[in-house]
Amino acid sequence: MSLNLILMGLPGAGKGTQAQYIVEKFNIPHISTGDMFREAISNETPMGLKAKEFTDKGNLVPDEVTNGIVKDRLGKDDTDSGYLLDGYPRTLDQANALGEMSDELDKPLDAVIYIDVDPNILTDRLTGRFICKKCGATYHKLYHMPKVEGTCDVCGGHEFFQREDDKPEAVKNRLDVNIKMNTPLISYYKERNLLYNVDGNKNIDDVWQEVDKVLSNL
Ligand code: AP5
Ligand code: MG
Ligand code: ZN
């Protein structure tokens with residue numbers, strides 16, 4: 001049995017946080033377009049240099065670039081038993097492109113989990129976030145501190161960083177851009193009977209309980 005999923009939600013909704021639990025329990029690859037762009041940027045590849053112009057300011061990377069990297073990634077064998085897309089699709093053009101590529105690859109979607117959070121609390125989540133340099137695990141200065149201060153729970157690393165687009169100027173634009181795209185995408189998946197809404201305002205463990213319940217009942 002395969003499990004082909006999309007994790008949707010506004011910036012800071014908790015996609016990356018819940019993705020860590022999902023991929024661990026269901027043993028499927030985590031495909032985050034944001035992570036892929038950040039990796040390309042840090043490796044200074046031509047695609048990364050192009051993407052950086054958009055990501056730093058919180059704008060969307062053009063659809064043809066984004067669709068291209070997802071198509072390449074979904075074409076790999078490790079997605080035969082499932083995949084978790086995090087942060088893709090974000091536009092109707094991307095949703096249509098995903099529909100086509102998943103048909104072509106015969107890896108059709110099983111569910112779209114929408115992590116629904118009051119936009120008013122997202123700025124706080126984003127500006128308080130910090131990330132382990134070594135393994136990418138995500139923390140928050142108020143809501144999710146490492147068990148031992150200064151040490152990553154996952155890999156034991158001691159170095160952390162803040163994302164370029166978590167600076168206040170970029171955060172505001174990122175939220176505006178994504179809020180605008182959100183409603184039509186939600187309708188798109190609702191019409192296709194794939195959408196599952198999860199209350200993302202609760203604490204991380206409670207949200208995970210809800211996500212796990214949805215996935216276990218599919
Ligand atoms: P991406 O990296 O996907 O950023 P994003 O969508 O802005 O989402 P985030 O990663 O910021 O939030 P998240 O939902 O993962 O939250 P997290 O779990 O970390 O994309 C970055 C950029 O790349 C985009 O702006 C765009 O430029 C480009 N891009 C990516 N995909 C694209 C696409 N498809 N098309 C075009 N361009 C694209 O949690 C946030 C914080 O809150 C953490 O500190 C966490 O510890 C904390 N937290 C999490 N859950 C809870 C909770 N329940 N309660 C309290 N705190 C919580
Ligand atoms: Mg994320
Ligand atoms: Zn780590």
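**Exercise 1. Find the donor atoms of the zinc ion (ligand 3), and classify the site.**

Step 1. The zinc ion (ligand 3) is coordinated by the SG atoms of Cys132, Cys135, Cys152 and Cys155, at 2.3 to 2.4 Å. Donors are N, O and S atoms within 2.8 Å of the metal (3.2 Å for Na, K and Ca); water is not among the atoms, so sites may look incomplete.

Step 2. Angles among the 4 donor atoms run from 100 to 114 degrees, and the site is tetrahedral. Four donors count as tetrahedral if all angles lie between 85 and 135 degrees. The ideal angle for four tetrahedral donors is 109.5 degrees.

Step 3. The donor residues follow the spacing C-x2-C-x16-C-x2-C in sequence. Cys132 lies in strand β5 and Cys155 in the loop between β6 (138–140) and β7 (160–161), so this pair ties together parts 23 residues apart in sequence. Strands (E, at least two residues) and helices (H or I, at least four) are DSSP runs, numbered from the N terminus.

Step 4. Cys132 is buried, at 1% relative accessible area. Cys155 is partly exposed, at 27%. Buried means under 20%, exposed over 50%, partly exposed in between (1.4 Å probe, protein chains only).

The model is predicted: local features need pLDDT of at least 70, side-chain atom pairs count only at pLDDT 80 or more, and totals for chains, interfaces and linings use all residues. Residues are numbered from 1 along each chain as its sequence is written, chains are lettered from A and ligands numbered from 1 in the order in which they are written, and side-chain values use heavy atoms, leaving out hydrogens and water.

**Exercise 2. Decide how strand β3 (residues 82–86) is enclosed, and which strands pair with β3.**

Step 1. In β3, 5 of the 5 residues are buried, so the strand is largely enclosed by the rest of the structure.

Step 2. β1 pairs with β3 in the parallel sense over 5 bridges. Strand β2 (residues 30–32) also pairs with β3 in the parallel sense, over 3 bridges. Pairing requires at least two DSSP bridges between the strands.

Step 3. Asp86 is the bridge partner of Leu7 and of Ser32.

**Exercise 3. Check the span of helix α7 (residues 168–191), and locate its bend.**

Step 1. At 1.5 Å a residue, the 24 residues should span 34 Å. The expected span is 1.5 Å times one less than the number of residues.

Step 2. The end C-alpha atoms are 35 Å apart, which agrees.

Step 3. α7 bends by about 35 degrees at Asn182, and Pro184 follows within four residues. The bend is the angle between axes fitted to the seven residues ending there and the seven starting there.

How values were computed
Four donors count as tetrahedral if all angles lie between 85 and 135 degrees; four count as square planar and six as octahedral if opposite donors are over 155 degrees apart and all others between 65 and 115; anything else is irregular.
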